[in-house]
Amino acid sequence: MVIADGIEISGEFKEAFDIMEGTRRHLYVTGRAGTGKSTLLSLFKEKTKKNAVFLAPTGVAAVNVGGATLHSFFRFPPEVLTDVKIKRLFDKKELFSSLDTLVIDEVSMVRADLMQAVDISLRKNRQKDVPFGGVQLILFGDLYQIPPVIADSQVRGYLEDVYGGVHFFCAPAIGEADLAVIELTKVYRQEDPHFLEILDAVRRGSYTDCHLAAINSRVGICPPEGEAVITLAARNSTVSRINLEMLKKLPGKARVYVAEVEGQFDEKSYPTDKELYLKEGAQVMLLTNAPQRLWVNGTLAVVEKLSASSAEVSFGGVTCAVEPAVWEKVEYYYDREEKKIKSKVTGTFRQLPLKLAWAVTIHKSQGQTFDRAVIDLQGGAFEYGQLYVALSRCRSLEGVYLKSPVRPSDIRVDPRVLEFEKTKIS
């Protein structure tokens with residue numbers, strides 16, 4: 001039985017779903033890039049009969065999962081979280097008391113203090129002094145990919161001192177919760193066993209000279225002319241420069257499409273530019289899944305024609321009209337009549353589901369799949385998992401084009417993640 005994106009219900013999927021829907025066990029669903037974590041989450045959201053809420057650490061991730069951010073749901077202040085800053089939310093009493101399951105996507109980006117705050121808030125608001133107030137916790141993510149973003153060295157030092165690390169699993173509440181872990185192992189994005197071996201070696205930092213040589217065999221090779229190829233760069237400045245330079249090279253004046261924003265939709269959650277500049281001939285990425293799957297989120301295309309409110313794009317020999325799409329910000333509430341937790345729209349963002357895509361940051365490429373990608377690590381990888389995320393976006397090693405050789409220092413793996421996996425995944 002196929003459920004989505006060509007993914008069938010495997011034994012791993014069934015085991016995870018049965019725990020999520022048929023028990024109250026706390027669960028962490030992980031797995032390499034392309035193993036169907038997002039598909040499984042969507043399946044559970046569609047099928048569950050539980051009173052569940054779906055949250056994420058960032059605004060963009062929350063919009064993508066059709067839920068809310070952790071901070072907005074729990075009304076946490078935007079700072080380091082301690083017990084005294086976590087209040088009872090009396091106007092949400094019914095919502096909290098009826099809550100069965102809390103799902104958190106992209107959990108690798110959740111800091112230890114934020115996870116501990118979730119536990120404290122649920123205990124306070126449900127008046128139950130047990131892990132997470134007796135609510136079932138379901139986590140999705142891959143610790144080998146994007147870690148928590150912590151720019152302030154003092155905040156990092158605080159988390160290290162208080163929790164012994166920055167990751168969600170460093171929160172004492174996780175240790176108390178008896179968290180079950182299911183690792184999805186079937187990769188759907190790549191099929192070549194050799195490339196999968198290389199990716200796994202980079203992911204865990206267990207690479208050999210042969211693995212490194214195979215990756216670096218892609219240095220200096222140019223993508224085929226006329227084929228859509230995207231550059232994955234480590235730094236925002238590189239991405240902005242490439243996209244601006246390429247847009248300027250195209251003839252004519254750029255056409256600007258201004259998004260319609262209504263209600264509560266903060267700028268950090270915008271899925272694309274509020275003012276989107278396009279020209280005919282521009283390389284773009286589609287940001288939605290089309291009916292009949294004409295395209296999917298992440299498909300690369302070329303703009304063929306622009307009109308006042310729409311665009312015509314081509315990819316793979318197909319030309320399609322693209323109309324504006326609407327993204328929603330939601331808020332959860334308790335419906336007394338139906339005795340269910342529901343969501344209501346509190347803000348919308350209406351814009352063409354496109355963004356310039358000659359280049360994108362490695363961070364923002366997470367979750368995407370590309371046939372061909374130029375990886376620009378000039379200056380070196382500066383974050384754990386950065387190289388793995390970049391390489392694992394590609395379907396094959398032949399689709400990888402390196403600007404410069406990968407160095408051993410670019411393969412960065414957090415030793416605490418390795419230790420956590422060793423203790424939780426057999």
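User: Which element gives the largest share of the lining of the second largest pocket?
Analyst: In this predicted model, the second largest pocket has a volume of about 310 Å³, and its lining includes R241, I242, E245, M246 and K249. The elements that give two or more residues to this lining are α11 (236-249) and β21 (373-376). Of the lining, 5 residues make up the largest share, and they come from α11.

User: How many nonpolar, polar and charged residues are in the lining of the second largest pocket?
Analyst: The lining brings together residues such as V229, W358 and V374, along with T231 and Q378, and also D376 and K403. Sorted by class, the residues that line the second largest pocket are 5 nonpolar, 2 polar and 5 charged.

User: Why can the chain be called as compact as a globular protein of its length?
Analyst: The chain holds 13 helices and 22 strands. For 426 residues the globule rule gives 22 Å, and the chain is as compact as a globular protein of that length because its radius of gyration is close to this, at 22 Å.

User: What percentage of contacts in the chain, between residues at least 6 apart in sequence, join residues at least 24 apart?
Analyst: The C-alpha trace of the chain spans about 65 × 55 × 50 Å along its principal axes, and buried residues make up 53% of the 426 residues. When contacts between residues at least 6 apart in sequence are considered, the share that joins residues at least 24 apart is 73%.

User: How far apart are the end C-alpha atoms of helix α6?
Analyst: Helix α6 covers residues 112-126, which is 15 residues, and at 1.5 Å a residue this helix should span 21 Å.

User: Why is α6 described as largely enclosed, and which residue follows it?
Analyst: A residue is buried when its relative accessible area is under 20%. Of the 15 residues of α6, 14 are buried, so the helix is largely enclosed by the rest of the structure. After α6 comes a residue whose phi is positive, near 55°, and this residue is Q127.

User: Is G298 buried or exposed?
Analyst: G298 lies in the loop between β13 (283-286) and β14 (300-306). Not counting residues up to four places away in sequence, G298 touches M285, L286, Q368, T369 and F370. The relative accessible area of G298 is 5%, and therefore G298 is buried.

User: How far apart in space are G298 and L287?
Analyst: Along the sequence, G298 and L287 are 11 residues apart. From C-alpha to C-alpha, the separation of G298 and L287 in space is 6.0 Å.

User: Does T348 count as buried or exposed, and in which strand is it found?
Analyst: With its neighbours within four places in sequence left aside, T348 is in contact with several residues, among them E260, F265 and W327. The relative accessibility of T348 is 18%, so T348 counts as buried. The strand that holds T348, made of residues 340-351, is β18.

User: What distance separates the C-alpha atoms of A259 and E337?
Analyst: A259 sits in the loop between β10 (255-258) and β11 (260-263), and it counts as buried at 7% relative accessibility. Leaving aside neighbours within four places in sequence, A259 is in contact with K274, F349, R350 and Q351. A259 and E337 are 78 residues apart along the chain, and their C-alpha atoms are separated by 37 Å.

How values were computed:
Residues numbered from 1 in each chain as written. Predicted model: local features only at pLDDT ≥ 70, side-chain atom pairs only at ≥ 80, totals over all residues. Heavy atoms only, no water. Helix = DSSP H or I, 4+ residues; strand = E, 2+ residues; numbered from the N terminus. Expected span 1.5 Å × (residues − 1). Buried < 20%, exposed > 50% of the residue type's maximum accessible area, 1.4 Å probe, protein only. 1 Å grid on protein atoms, 1.4 Å probe; cavity = no way out; pocket = protein on both sides within 12 Å on 5 of 7 lines; lining within 4 Å. Points joined across faces, edges and corners; volume = space filled by probe spheres on them. Nonpolar A, V, L, I, M, F, W, Y, C, P; charged D, E, K, R; others polar. Rg over C-alpha atoms; globule rule 2.2 N^0.38 Å. Contact = heavy atoms within 4.5 Å.
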